[in-house]
Amino acid sequence: MEDNLDAKVDALLNVEKQMRLAGDVAGTKKAVIEIVELCYKAGAWKTLNDQILLIAKRRGQLKQAVTAMVQQAMQYIDKTPDTDTRVELIKTLNNVSAGKIYVEIERARLIKKLAKIKEEQGLIAEAADLMQEIAVETFGAMAKTEKIAFILEQVRLCLDREDYVRAQILSRKISPRVFDIDSSKEKKKPKEGDNVVQEAPSDIPSLQELKRIYYELMIRYHSHNNDYLEICRCYKAIYEIGSIRENQSQWMPVLRKICWYLVLSPHDPMQSSLLSATLDDKNLSEIPHFRLLLKQLMTMEVIQWTSLWNMYKDEFESEKNLLGGPLVPKAADDLKLRIIEHNILVVSKYYSRITLKRLSDLLCLSLQEAEKHLSEMVVSSSLIAKIDRPMGIVSFQRAKDSNEVLNSWALNLEKLLDLVEKSCHQIHKETMVHKAVLKA
């Protein structure tokens with residue numbers, strides 16, 4: 001059988017040589033494909049690898065023939081008898097396609113398959129290193145969805161190996177605006193000389209599905225940094241996906257997560273804007289508990305932490321059983337911190353000066369804790385305040401600098417002079433009227 005196979009392969013190699021030297025592209029491609037098919041049907045995987053390397057190295061080999069050979073051999077990867085044979089075939093094809101721009105897409109797909117095998121073997125670091133070798137964003141002929149899926153796979157592997165810096169760098173290669181492009185619009189026909197974009201393989205998800213995967217990976221990244229506002233924005237983007245909005249069982253857990261992470265986010269203009277937008281959402285009426293929670297944050301009133309925690313503790317614990325999993329580990333502590341910050345901001349709105357004891361009573365904290373939280377807010381520029389520790393008084397008034405004091409004094413002086421001038425005018429007017437009456 002082996003002698004018979006070798007004889008047939010040699011005969012086809014002679015045919016391939018004649019066609020190649022004659023510059024016959026179609027004939028060369030046909031001969032190359034027949035050699036590959038012959039080795040596959042005979043189950044001679046080692047011979048197949050040898051022939052692929054031999055054909056690719058032949059003098060003056062045509063690009064079209066190498067492309068056809070690689071594409072044909074790739075169809076047999078999933079039909080190999082065992083993992084070792086599969087890896088050997090992938091490595092052979094990878095060696096052949098390395099450095100050849102006309103088979104760069106095939107090489108990217110091969111690397112992806114090899115990385116998947118490595119990951120299944122538990123070698124996540126090796127899989128991540130393999131994937132990072134390929135810069136698919138420079139491939140003009142690759143479909144947009146396939147590029148995005150490849151980069152997302154790179155990001156996922158970096159997160160799995162806890163390489164958060166590289167994960168962030170890779171994620172920036174994808175612009176979130178790319179997910180909002182209407183794919184239903186008719187594609188423009190390529191002009192002559194332009195690269196023809198290949199169709200994405202059938203296993204590549206749709207653009208909206210890729211959007212969901214992208215934001216789920218971003219949630220994983222931001223959860224590492226406890227960046228609650230960014231996590232909230234990611235959930236908001238997932239919530240806006242059409243397929244999610246149409247299914248209540250999918251949008252409700254996402255909306256709950258949006259509410260929780262809004263409450264956990266530090267107070268700033270972006271958080272206030274998202275809070276207002278979420279309160280205006282009609283779907284929020286389906287979960288009245290969370291609507292009440294957000295309204296409490298919007299209202300300038302002191303919130304009692306113990307009563308709030310008793311009301312929402314069960315809801316907080318139940319998050320781990322819902323879509324998206326539990327909140328970040330620090331969430332319970334940070335929730336209490338946010339409520340304290342909210343209460344301090346409320347107090348600063350209503351008081352210009354307040355004793356530290358009265359402030360600690362309003363916040364339900366000890367004097368030391370109240371002073372600590374107040375100091376932290378002042379340091380983070382969330383609040384302007386001064387503490388007179390000997391007197392135990394907190395002043396929420398902003399200290400004026402010398403220019404402001406002088407400007408204020410000058411303005412007051414100008415008002416005073418205006419009043420004096422008006423008074424003089426009125427006195428003069430009254431005097432003239434009085435004189436006129438006397439003369440009469």
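Select Arg-212 first: at 22% relative accessibility, Arg-212 counts as partly exposed, a label for values between buried (under 20% relative accessible area) and exposed (over 50%), using a 1.4 Å probe and protein chains only. The model is predicted, so local features need pLDDT of at least 70 and side-chain atom pairs pLDDT 80 or more, while totals for chains, interfaces and linings use all residues. Residues are numbered from 1 along each chain as its sequence is written, and side-chain values use heavy atoms, leaving out hydrogens and water.

A salt bridge is a side-chain nitrogen of Lys or Arg within 4 Å of a carboxyl oxygen of Asp or Glu. Both residues lie in helix 10 (residues 207-225), three residues apart; helices are DSSP runs (H or I, at least four residues) numbered from the N terminus.

Next, select Asp-160 and Arg-156, a salt bridge at 2.9 Å between the closest N and O atoms. They are separated by about one helical turn because they are four residues apart in helix 8.

Now show Asp-129 and Arg-161, whose side chains meet in a salt bridge (2.9 Å, N to O). This pair links distant parts of the chain, 32 residues apart: Asp-129 is in helix 7 (residues 124-132), and Arg-161 is in the loop between helix 8 (144-160) and helix 9 (164-171).

Finish at Trp-409, in helix 20 (residues 402-439). Trp-409 counts as exposed, at 56% relative accessibility.

Key:
Helices (H or I, at least four residues) and strands (E, at least two) are DSSP runs, numbered from the N terminus.
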